[in-house]
Amino acid sequence: MSSQLLQLHVCKLPRLKKSRRNSGIPLHFFIPTLPNPAPSNNRSLFPYSPANQSVTVRRPFPLSHGTTTLGFIFQGGVIAAADTRASAGGLVACPEVHKITPIHSHLVVTSSGSGADCMLWERILTREIRLYQLRHRRCLSIRGTAKLLSFMLHPFKGTEVCVALTLCGWDKDLIYVCSDGARLQGDIFSVGSGSPYAYGVLDRDLRWSLSKEEAISLAREAVFRATHRDAYSGNNVDLFHVTAQGWSQRKREDLKEEYYRDMKRKTNIVEG
Amino acid sequence: MISAHGFGDPGKMKEYHYTGPVEHRFSPYAFNGGTVLAVAGEDFAIVASDTRLSEGYSIHSRDSPKCYKLTDTTVIGCSGFHGDCLTLTKIIDARLKMYKHSNNKSMTSGAIAAMLSTILYGRRFFPYYVYNIIGGLDEHGKGAVYSFDPVGSYQRDTYKAGGSASAMLQPLLDNQIGFKNMEGVQHVPLTQDKAVQLVKDVFISAAERDVYTGDALRVCVITKEGINEQTIPLRKD
């Protein structure tokens, strides 16, 4: 009896058979299918499935990593801030990277992890969101975007793809998606090697009732302190403010100036 | 005990004293040296590379330039593993021809950069060991430089050095072209003659201190009139 059922399943839903090979899930378990664009994207971009590759080739060069990014929600919307240093091994590969990218007019994503992975996956996500918008004549919600991204990254779980993105959206939503498979919603996220230092600063002063200027200066301060203590973060700070009207970007600031101002303030306090 | 040194950089010099048992493994990569540099000006771009092809202690060739002409307004410099450089430039040429035939126009520098990024990322799990820098003119006729990492992350810059001597040259360029870490200087825009002279001086310095850089320097200057190439000798030792 059960074998006949098995036969039925195999004939009607060939996808189940494939999933059994991959993950050892019993045949009658229904696996939700991925949205259609995602598998075909992967096939055209990647000539061989990463899951099939059993031998990894050792790379003779380091890739860019290391960062401080943060995002938090307050009464006036969502603030996203990040440093601008991309380090590869011990070298600063680029001192002026853009770690915060707009996906569309009301959604911004901060990236952390491997620079190339983040850049390409953001591009893929932007394309998918735009396609959704054209096909369904409405914008996908932030939660839907996060889910889509998480499902697209799922085939690469266990490979060296290292992506940790924080989606900051217009309806006061902040979702952290990472290539390990985590998808978390929260009020405050800081990601990267400098995140412990940023959390320390944010946890002290963050309140819902902050004004826009206070929130911006808090975010700047958090990134500044993190870049001061973390070797892999530094250079400048990028700030985005997302509201129901869209995102707005603050002019990029060099933290070197901020450091000198801070030193001056400290000597004034000591003397005065 | 597996010594980590067995896995070490395929191109670096071997240690000649016994460090313990070592596991040897075939590496598909080799490091052929070479330095590439690109500078973008107001209405010109310069891509320069040395012409030495080395491997370990040997020099394979003294006349192997690393600048490849893609279109009338774009030149790419590729350094790293020479095998991957050759294949990558063949693939880019093929894709440029396909684009020209489908769209009846040449690819712009920005489009070539975006395309190269996806080509490189397509090999995320077995990368091309190539450090690319694209130099050319954008659609508005201004100089543009796009620098890449081996897996496809890219950025538009004003100047960039890549390859074996990049860590030595980049700070020098930051200071001379970006006027960084200097107080009280006037930020004068770079003229074409000054830029070419700077590039020559910078490579002469690189050849002094980097063993993989030397022999000759190939400079390609891209302006709206076309691409002008010059070869300047460097030290051969």
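Which residues make a nonpolar surface patch of about 290 Å²? A:Tyr259, A:Tyr260 and A:Met263 do. This is a predicted model: local features need pLDDT of at least 70, side-chain atom pairs count only at pLDDT 80 or more, and totals for chains, interfaces and linings use all residues. Residues are numbered from 1 along each chain as its sequence is written, chains are lettered from A in the order in which they are written, and side-chain values use heavy atoms, leaving out hydrogens and water.

**Surface patch**
- Patches take residues with over 30% relative accessible area and no salt bridge; nonpolar side chains (Val, Leu, Ile, Met, Phe, Trp, Tyr) are joined within 5 Å, like charges within 9 Å.
- A salt bridge puts a side-chain nitrogen of Lys or Arg within 4 Å of a carboxyl oxygen of Asp or Glu.
- A:Tyr259 sits in helix 8 (residues 255–271) of chain A.
- A:Tyr259 is partly exposed, at 32% relative accessible area.
- Buried means under 20%, exposed over 50%, partly exposed in between (1.4 Å probe, protein chains only).

**Chain A overall**
- Chain A has eight helices and 13 strands.
- Helices (H or I, at least four residues) and strands (E, at least two) are DSSP runs, numbered from the N terminus.
- Of its 272 residues, 44% are buried.
- The accessible surface (Shrake-Rupley, 1.4 Å probe) comes to about 14700 Å², with 55% belonging to carbon and sulfur atoms.

**Nonpolar cores**
- A nonpolar core joins buried Ala, Val, Leu, Ile, Met, Phe, Trp, Tyr and Cys residues through side-chain atoms within 4.5 Å.
- The largest has 27 residues; A:Trp121 and A:Leu167 touch the most other members.
- Helix 4 of chain A gives the most to this core, with seven residues.
- A:Leu167 touches residues including A:Leu107, A:Leu125, A:Ile142 and A:Val177, not counting those up to four places away in sequence. Contact means heavy atoms within 4.5 Å.
- A second, separate core of 25 residues includes B:Leu37, B:Ile46, B:Ala48 and B:Ala206.

- Helix 4 of chain A has 22 residues and should span 32 Å at 1.5 Å a residue; its end C-alpha atoms are 31 Å apart, which agrees. The expected span is 1.5 Å times one less than the number of residues.
- Buried residues in helix 4 of chain A include A:Trp121, A:Leu125 and A:Ile129.
- Just after helix 4 of chain A, A:Arg137 takes a positive phi of about 55°.
- In helix 2 of chain B, 10 of the 13 residues are buried, so this helix is largely enclosed by the rest of the structure.
- Among them are B:Ile112, B:Leu116 and B:Leu120.
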